[in-house]
Amino acid sequence: MRKTFARFFLAALLLACQAARPGGVLAENSPPLSIVALKAETPGRWRQTYAAHGRTIVIDVPIYVPEVDKLPVLRGETAPVVFPAGLEGEYQLRGDDFPEFFRKPSLNQAEGATATAPAGAPSKREEIRSLEYYLDFDKLDWDQAYAPNNPMTLSEAWRLLTGEVERCQGKALADSLFLDRVVTRGGYLYPPEENGVYRESGQAGRYVLRCFQKLAGAPVLTSAQSAFSSGVGRVLTSERSLFWPKYVVCHLQDAEHFTVYLQLLRQTGVLSEDVPLSSFAPVKAKLEEMIAAGQVRNIFTLRLGYVRFLRGDGGKAGYDFFPCWVAECDYAQKPAQETNPLSPEVRQSYNLVPRFVSFVFNAQTGEMIDPGNVSQKRSRCPEVIGGRGP
């Protein structure tokens with residue numbers, strides 16, 4: 001009897017100590033949920049209108065929850081890009097230097113030549129700009145052609161990308177791709193060369209398909225360092241540059257003209273086989289608080305997946321992948337401040353996203369990574385609550 005009481009007292013004491021630590025407990029009034037239960041109770045879309053500081057804020061965003069039976073906490077690292085033998089004659093390959101890619105051939109190469117330059121030929125290489133930015137994939141028609149002067153449909157572009165990735169990197173990587181962005185770009189016109197021959201790549205535009213990589217069935221959405229930080233006094237967009245942190249990005253015109261850039265991850269271990277999760281309610285409540293404060297003006301994407309946290313010296317020792325919600329928002333730090341909303345035209349060649357910020361929420365506690373915390377500690381993996389060990 002005494003031993004039983006002692007065990008009960010010790011367990012209660014340990015739970016009390018855990019609750020006293022910041023981030024050490026699940027969200028208040030939120031019973032722990034499995035990923036299956038969370039998906040069942042979370043609506044597929046957040047559609048609501050708010051009035052805040054003289055503005056009407058319309059939220060209409062899909063809520064993504066991965067189709068998995070469990071959500072583990074993982075360990076991993078950057079994966080080298082290795083190509084199978086026999087591809088050298090068909091593709092241009094670079095797997096040993098940044099940026100890694102395979103292409104057939106470069107989209108910047110000419111497709112043909114004419115003896116004389118046509119009327120209005122440019123004096124220098126000129127991109128025919130026609131850029132469009134798509135956010136709501138559920139509103140896209142996959143059987144429609146979106147790239148200018150290009151009959152290829154979006155579904156055909158996606159099948160071409162996944163097929164080429166499977167051939168050059170294997171089926172496992174192709175199956176793990178999670179489409180994040182679709183952008184279209186115009187073709188190129190080239191000036192006459194020294195011999196007077198005019199070259200052009202054609203008027204056909206191309207797709208830019210940017211993908212996250214899924215680990216254990218859930219996409220790696222961002223890195224902890226790239227969550228919005230108010231301490232730097234500006235909106236962070238470096239997370240959305242072309243090569244950092246880890247993407248597969250394809251510039252694709254047709255089956256003979258594309259480039260696929262590769263920045264890959266791989267799983268090396270499991271910290272917890274499955275973890276209990278908070279409901280979506282505290283995440284929504286925090287975003288509504290920022291809407292009411294006049295800061296959040298729109299929510300572009302709202303997803304549950306993995307966020308990459310550093311382990312060791314700047315990630316040289318690898319990464320921890322922890323379940324988090326990521327909300328990409330049109331945001332202003334002050335209610336009176338006007339934001340630069342999304343435009344259908346993206347003017348920066350390699351900036352696939354206009355001005356917005358990413359808010360990251362711990363999926364176990366519902367707590368947001370504090371924008372005021374600019375220390376290196378924010379890049380360390382949160383404490384794992386409960387769950388099953390490896």
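User: Is E328 buried or exposed?
Analyst: This is a predicted model, where local features need pLDDT of at least 70, side-chain atom pairs count only at pLDDT 80 or more, and totals for chains, interfaces and linings use all residues. Residues are numbered from 1 along each chain as its sequence is written, and side-chain values use heavy atoms, with hydrogens and water left out. The classes are buried (under 20% relative accessible area), exposed (over 50%) and partly exposed (in between), with a 1.4 Å probe and protein chains only. E328 has a relative accessible area of 1%, so E328 is buried.

User: Which residue forms a salt bridge with E328?
Analyst: Side chains of opposite charge can pair when their charged atoms come close. A salt bridge here is a side-chain nitrogen of Lys or Arg within 4 Å of a carboxyl oxygen of Asp or Glu. The closest N and O atoms of the pair are 2.8 Å apart, and the partner of E328 is R181.

User: How many residues apart are R181 and E328?
Analyst: The salt bridge joins R181 and E328. R181 lies in strand β9 (residues 177-185) and E328 in strand β18 (residues 319-331), so the pair links distant parts of the chain, with a separation of 147 residues. Strands are DSSP runs of E with at least two residues, and helices are runs of H or I with at least four, both numbered from the N terminus. R181 is buried, with a relative accessible area of 1%, and the separation from E328 is 147 residues.

User: In which helix do K286 and E289 lie?
Analyst: K286 and E289 form a salt bridge, with the closest N and O atoms 3.1 Å apart. K286 is partly exposed at 26% relative accessible area, and E289 is partly exposed at 47%. The two residues are 3 apart, about one turn of the helix, and that helix is α5 (residues 281-292).

User: In the salt bridge of D60 and R47, what is the N to O distance?
Analyst: D60 is partly exposed, with 24% relative accessible area, while R47 is exposed, with 60%. The side chains of D60 and R47 meet in a salt bridge with an N to O distance of 3.5 Å. The pair links distant parts of the chain, 13 residues apart, with D60 in strand β2 (residues 55-64) and R47 in strand β1 (residues 45-52). The N to O distance is 3.5 Å.

User: The side chain of D60 makes a polar contact of 2.4 Å with the side chain of which residue?
Analyst: A polar contact is a pair of N or O atoms within 3.5 Å; within protein, one must be able to donate a hydrogen and the other to accept it, and residues adjacent in sequence count only if both atoms are side-chain atoms. The polar contact of 2.4 Å is with the side chain of R45.

User: The backbone oxygen of which residue lies 2.7 Å from a polar atom of the side chain of R297?
Analyst: R297 is in strand β17 (residues 296-310) and is buried, with a relative accessible area of 9%. Counting contacts as heavy atoms within 4.5 Å and leaving out residues up to four places away in sequence, R297 touches several residues, among them R55, I57, D330 and Q337. The backbone oxygen at 2.7 Å belongs to Q337.

User: How many disulfides are there?
Analyst: A disulfide is a covalent bond between the sulfur atoms of two cysteines, and here the sulfur atoms must be within 2.5 Å. The sulfur of C250 is 8.0 Å from the closest cysteine sulfur, in C211, too far for a bond. The sulfur of C381 is likewise too far for a bond, at 8.1 Å from the closest cysteine sulfur, in C324. The count of disulfides is 0.

User: What is the average pLDDT of the protein chain?
Analyst: pLDDT is the predictor's confidence in each residue, from 0 to 100. It stays under 50 over residues 1-23, and is also below 50 over residues 343-354. Where pLDDT is low, the predicted coordinates should not be read in detail. In the protein chain 69% of the residues score at least 70, and the average is 78.
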